[in-house]
Amino acid sequence: MPSDATQLGQTLSTLLTIAWLLPLAGFAIEIFGGFWGTRQSKAAAYIAVACIGTAFLCSVGALLYWGDQTDWAALQPHHGSGHGEAGQAEGDARAAAEHAAAHPSHAGEEVDVADHAQPVSGAGIPAGAWEHNLANAPEHAAPKSFSGTFYVLAGFGSLRVAIDWYIDSLTLVMFTMVTLVASLIHLFAIGYMSDELTDDHEDHQVQTAHGHLHRPGRFSRFFAFLSLFSFSMLGLVLAGNVFMVFVFWELVGVCSYFLIGFYVERKSASNAANKAFIMNRVGDFGFLIGLMILWTYFGTFQFANRVEDGVVMPGLFDMLRDGDGNMHLSDSGATVLLDDGSDAAAGIHEAPTIPYFLLVAAGLGIFAGCVGKSAQFPLQTWLPDAMEGPTPVSALVHSATMVAAGVYLTGRFYPMFTPEVLLTIAYIGCITLFLAATIAVVATDIKRVLAYSTISQLGYMMLGLGVGGWGAGLFHLITHAFFKSLMFLASGSVIYGCHHVQEMPRMGGLWRKMPITAFTMLVGVIAIAGLAIPGISIFGEKIAFSGYHSKDAIVATAMTFADLNRTHFLLFYAPLIGAGITSFYMFRLWFLTFAGKPRDQHVYDHAHESPRVMTVPLIVLSMFAAFVAVGGEEGKLFLLLTNSEPAGVANGLVASSPSNLALPSHEAVHARHALAGTFALVVAALGALVACVFYGLRLVNPAEVQRQFASLHTFLIEKWWFDELYDMMFVRPVHVVAKWCSACDKYVFDGILHGLAKGTVLVAHWDRMFDEQIVDGLVNWVGRVTYGTGSLLRLLQTGRLRQYVMFIVVGVVGIWVIVQIFAS
Amino acid sequence: MNFAELIERLTENTQNSLPLFSPELCLVVTIVALLFVRLLGIDRHLPGSIVAIIGTVAGLALAALQWRDFHADDTVTSVPLFTGLLVYDPFTVFFRVFLLLFLLFVEYLTMISGIPDQEDAPDFYVLLLGSTLGMSLMVSANHLLMVFLAVEMTSVPSYAMVGFLKGRRLSSEASLKYVVYGAGAAGVMLYGISLLAGLLGTAHLPAMGAALVEFGRQHSSFGDPAVRTLAFGILMVLVGVAFKLSAFPFHFWCPDAFEGAPAEVGGFLSVASKGAAFALLVRFCLALVGKTAGDSPLSHLYLNVGVGLGVMAAVTTTFGNLAAYTQKNIKRLMAYSTIAHAGYMLMAVAAMMVILNAPAGDGTLVTARTASAVSCIQGLLYYLVVYFFMNLSVFAIVALVRNQTYSEEIADYAGLVKQSPLLAVCLLVSMFSLVGMPPMGGFVGKFMVFYGVLEAAQLHPVMWVVFVVGLLNTAFSLFYYLRVLRNVFISPLPEGARPVDVPLASDGGRYILFLTLPVLVLGIFVDPISGVARDVATWLFRG
């Protein structure tokens, strides 16, 4: 159904475009809120919520419409799906049955893969013809992705800069997730930011000569930036070419800069904003290099193929990989053959190639961008500082937008990564998740704990992607978005309720004062810790929140990967241990904040539950955090995501030259799933138990443990001395070099420049003198000669006119002479 | 063929040509109407400007409708008009629309600024329309005789317009200088034309092309006196065009004429007359070369013409930019800026000539060569469209400020931003665009032209020099535009300065905004106009 498919693509793009542009429209209006309305008006917030809310409806509409049009082919259950939506499940079953009848072999293989009990003869053996290739797909299947062009900005020569869109199930899920989380955060922010609704806002954290700083409230500005942020993120997700990704990538960066530095008068906030921006620039430098390499060798920025005048111009993915997801190396293995759509065999011209090491470099470059944006080691230090922004911003940055962008791009760009790059990604993720988790254990600022936990969880995602679990990594991205935004908003609620106290040692026992916040937070804590009740199941489902399923998927993939590549065993143990630490510090946070006795009576007495506009988002988010991943890897969310999994990922990769790395196939992962799940659960439960012992039951005094491990504690408190390390390695040398440079600039370059400037002025003067003296002088001389003969014309003499005319002759003759010299 | 047959054929030809000539006819009718308006004294009730605008709009509509005459799958690439004196193709139509639209803008500006008073208005518009008519002929000229006539038809009314402020001595002096200089240049050009016609036995451009191939077979080396004579002829025709372009060393009239003329006229001359001259130059160059790359026996001669134009372009740009440094009068400054921009645009033509005529030893395909040449012309056309808005915008601002402060000295622009933020911001946008900063349209224009020069540079080393000089000049030009902007934005408003009050809600304010917005739009939405330019340029090389 090509025409139907085109129609479907058009409808989807229309819906998502509306969803994408609405926040921009909102931004355009809200940014003038301060001029058009009063500082007390909440209008800007309502506009922002309306825009992002409508965008959410459009996204959901698009998702449902897509599913409906494709008969929910993506959701064909591997075995009976047991939860809710009975009608839907029935429809699925029917579709599956039809499908099976029409293509028995195909459906059979799917069942094979889904079957846990199926013994696996050997890891990494291709599981047969798992058909992902569009060309070979069954006739009635709609294409997996849709793409098109909104507008061609410009084309110079072969450079084509366009605004393209690319939609597959990943795009749809991301859109829905981003708009939903953003909507709730917008809503929450109406309450949280209400103290900005004034003409005279007093900022207690800024001291001026006359006491605290007083400034007008910035309610409208906040929502304007929030809208712009959403717009940028949605544009990034919708983008159909790398160039556009880069543009929105930077826009996301700029928006985070605005929002982190929202309290611009606070030195710490403006520093944090700078730090976030500069750290990201470091990563973006790599991104740009990758972009240039790709452009040089591939000659296109497009993801998807493009048909122009009946000729298919392949996009990046199809140039590099064939329908089964394989790259084609030259015999020596040093270059990768690219398919540019023309039939190379016909001998019209040679197929383009790219040296293998440059492909690796391009992949590393692009990933460097993701490292910056997703705060991975070694660029992780900006994220904790980004807590200086208002809490809703932290929630948005940490869940749905900024940091998600890096993981999303890694997923989107997956086909472009060689196994070496994937291994790098895995190790970076592994280091990050361990490092951040350890720091989170000792942090006492409630938001900082969450910040480090974000870094750690992002490490999990990167690790998952790196070890070949495309679906697992992105699965965790989505579930994490829900429970992390939930926890941030809950912490925001605590901070709001405690009048901007953020230190956990001053809290305690707050659950009595703010029960909704406490219990929604608990949902988030359980979700992120990955706890489940083993053995018992309801409706055939494990009793577990979303984090269990997604983390389980990652650990299982990592375990399989470590089995296949024995030297990289750390890639399994680190996330396993990390899971325990995660569980520990999250429960520590909850116990310290909500349980036990109040430690600061003053704070406790003034604490209060937040207004409904703040608690309702919490409740909604807690629902999602708990149930979004129901069914785990047979659940709807995971199936939806993996519908757009790049070809070949499911089959894994057999170790071969030049990388000698094997990637696990889906079958292999499934075989180890139960085992990995048990490991992870045991470790997580241990972590929770220890936290309970330390902070819940207070059987052991944490302070004593701290004293015993004082040096380790300091080491962690100081965040592994990373800030100091960077300060010593980069900042101070830069200062020294800068001093030299400034001296050099002052005494050498300025001298040269001043000289140049003087020279230029001098040349200009000469030029004028040349014009007035020599040219005119010459002509004057000629004029004087003619003067004698033409004294009658004296009356018509107007100064230089005759000289001008003479110069026509001089010019013609002059050029002629030059031509003669050159030509002969 | 007897006489009656001849007459009949002529009649038929004329009848076929007239509809395609309708925009020009419309201008002619308007001119006659304006004369009658003056003669019968109607202009007291119906201002001349209204008549002129009505005529221009009608002409513009007719010209715009002619877009539809061309389809991509046509086999006919151009239609000769009036037995081949003129040619009708998309290039003609593009420039007609360009010129008439520009005329409309200038007419509206003169209405706002009131530079011809009620009494003189019909006279002024007769001159303005007459000059445009000449330009319109210039862009469609297909015969050297028409070339000369058109150039003169353009020039003579401009002379009068430059001296239109009769009471001012400076104005009259400028006009006289322009007349005499123009006459000199015309003489040189006419001599060149006579040499070419004499050598080749025809002055019809397509016939000339064919004759040149034959000529090249007989005389190919530069040592041959016949070839030297040919080269001299070409040189002298180019001198005539260079005068219209105000390219170095034939620019001397330009600063004086612009300083003396009202800003409105300056704006008109700088854009319209330059655009027409570039069209003529392209037509003349292509007539020499033929439409395909590198197959003429005289290629080496044309290559030298191309390189020569490139050097001339580089020198012109450098000269214009450097000489602008020390100017105190803004119109004089803009005159030098005009010279510099003529140099940038001339680079595109030079690049085209080099690309078409460089020795094909490196195996580059002819089609690829032609595609590069197309992109040069595309760049030139885009540059002209951007130049239309950014340059007229500056001149219009100068006119509006002059109406209120009675001054055109740069020093008197101090603190303009406090008096009229709108004018100041629009001046900033236009001037940054003139410098060539993104995201203004000027950047895209320069980018496209330099892209062409870069391709030419791979074929001839001298074009590297031209390329580098072009880039350097972009930096040079920053300084003098910034000097104006510094005055406008940073210098304090002197006490007792005459007020400049041009709010957005005035005719002038809206007009300036309307002129400046396209400068930004052209910098961001490149494809629509660059697509048109590409089509027009492609058509030029078809067949």
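This report covers a helix of chain B, a residue related to its end, and a strand hairpin of chain A in a predicted model.

## Helix 16 of chain B

Helix 16 of chain B runs over residues 421-435. At 1.5 Å a residue, its 15 residues should span 21 Å, and the C-alpha atoms at its ends are 21 Å apart, so the two values agree.

Most of helix 16 of chain B is covered, with 12 of its 15 residues buried. Among them are Leu422(B), Leu423(B), Leu427(B), Met431(B), Phe432(B) and Val435(B). The buried residues of this helix pack against helix 13 (330-357), helix 14 (366-405), helix 15 (416-419), helix 17 (441-457), helix 18 (461-489) and helix 19 (507-524) of chain B.

## The end of helix 16

Ala475(B) belongs to helix 18 of chain B. Ala475(B) counts as exposed because it has 11 C-beta neighbours inside 10 Å, and a residue with 12 or fewer is classed as exposed.

Strand 3 of chain A covers residues 201-208. The number of buried residues among its eight is zero, so the strand lies largely in the open.

Strand 3 of chain A runs antiparallel to strand 4 (residues 211-215) of chain A, and five bridges join them. A hairpin of two residues connects these strands. Thr208(A) is placed opposite Gly211(A) of strand 4 of chain A.

Methods:
Residues numbered from 1 in each chain as written. Chains lettered and ligands numbered in written order. Predicted model: local features only at pLDDT ≥ 70, side-chain atom pairs only at ≥ 80, totals over all residues. Helix = DSSP H or I, 4+ residues; strand = E, 2+ residues; numbered from the N terminus. Expected span 1.5 Å × (residues − 1). Buried ≥ 20, exposed ≤ 12 C-beta atoms within 10 Å, placed from the backbone. Contact = placed C-beta atoms within 7 Å. Pairing = 2+ DSSP bridges.
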